[in-house]
Amino acid sequence: MSPDGPARPLAASNGRVKAARRLARRPDRTEQRLFLADGAKAVEGALSVEGCVVEVFATPFAADGHRELLAAAERVTLVDERAMAGLSDSVNPSGVVAVCRFVDVPFDAIRTPPRLVAIAAWVRDPGNAGTLIRTADAAGADGVVLAGTTVDAYNPKTVRATVGSLFHLPIVVEPDPVAAVEAARAAGLTVLAATGDAAVDLYDADLSGPTAWVFGNEAWGLPSQLADLADHRVAIPIHGRAESLNLSTAAAICLYASARAHRS
């Protein structure tokens, strides 16, 4: 823990706390290329990335309970419960929040050659986006691409839903979904579009090679012009009466199917 950390909680009006609180707004995050990582797991992940963490805010109680974690931070500022409530949008704040630098990278920063990449196009729900990143991390994916007008990777709810996985694998932000698909193909990946109307069943698809899965919007899926760019459309079979699967659930099934095929 930094020796310049205060010995007593700072007042909620402290200038650094106010500046950090503004990072709850996307325009401020974009302008400063800074965001908030809320919770011990998120802070732990951020601290594992060299140069990512600018400052950690913690309540005295949380600081006492996370001494080993906070020892890795260069600057730790103690704040009172009121100030922490302003920094966290969680119903039950953990008492630890880090100000972090953006971590997204260009596509070519993904490990070469990649074996498994997830491309999320026009995903709007921050929980779904965060869960997809966490699932890709668990499945051993080499990277995640957030394409189109997908929810901000640094939305507090997205960051919290990743449970630290935002810092474990490369995250690419690509405004043009077509460019994301083309970059995947140029990297030697077979592009598979996850769609409900595909002729190829997931159980029958050849997933043994390097693969990029493309997932679409929660409500309307993948537009045909993007699905048409894929090498194959693949559908998850539904054996019951459910109309469809939740986006993050579908992504988990597809990514783990590829992970299993790669390890066979």
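Me: Which elements do the buried residues of α11 pack against?
Reply: This is a predicted model. Buried here means under 20% relative accessible area. In α11 (247-263), that set includes L247, A251, L255 and H262. The buried residues of α11 contact β5 (116-121), α7 (126-138), β8 (190-194) and β10 (211-215).

Me: How far apart are the end C-alpha atoms of α11?
Reply: α11 has 17 residues.

Me: Which elements each supply at least two residues to the lining of the largest pocket?
Reply: The largest pocket holds about 620 Å³ of space. Its lining has 26 residues, with A194, T195, G196, S244 and L245 nearest the centre. By type, the lining divides into 13 nonpolar, nine polar and four charged. At least two residues each come from β11 (232-235) and α11 (247-263).

Me: Which elements give two or more residues to the lining of the second largest pocket?
Reply: The second largest pocket has about 270 Å³ of space. Of its 16 lining residues, R26, F102, D152, Y154 and V173 are closest to the centre. The elements giving two or more are α2 (26-32) and β7 (171-174).

Me: How many residues lining the second largest pocket are charged?
Reply: Seven of the lining residues are nonpolar. Four are polar. The charged ones number five.

How values were computed. Residues are numbered from 1 along each chain as its sequence is written. This is a predicted model: local features need pLDDT of at least 70, side-chain atom pairs count only at pLDDT 80 or more; totals for chains, interfaces and linings use all residues. Side-chain values use heavy atoms; hydrogens and water are left out. On a 1 Å grid over the protein atoms alone, a cavity is a set of points where a 1.4 Å probe fits but cannot get out, and a pocket is an open set with protein on both sides within 12 Å along at least five of seven lines; lining residues have an atom within 4 Å of a point. Grid points are joined across faces, edges and corners, and a volume is the space filled by probe spheres set on the points. Helices (H or I, at least four residues) and strands (E, at least two) are DSSP runs, numbered from the N terminus. Ala, Val, Leu, Ile, Met, Phe, Trp, Tyr, Cys and Pro count as nonpolar, Asp, Glu, Lys and Arg as charged, and the others, Gly among them, as polar. The expected span of a helix is 1.5 Å times one less than its number of residues. Buried means under 20% relative accessible area, exposed over 50%, partly exposed in between (1.4 Å probe, protein chains only). Contact means heavy atoms within 4.5 Å.
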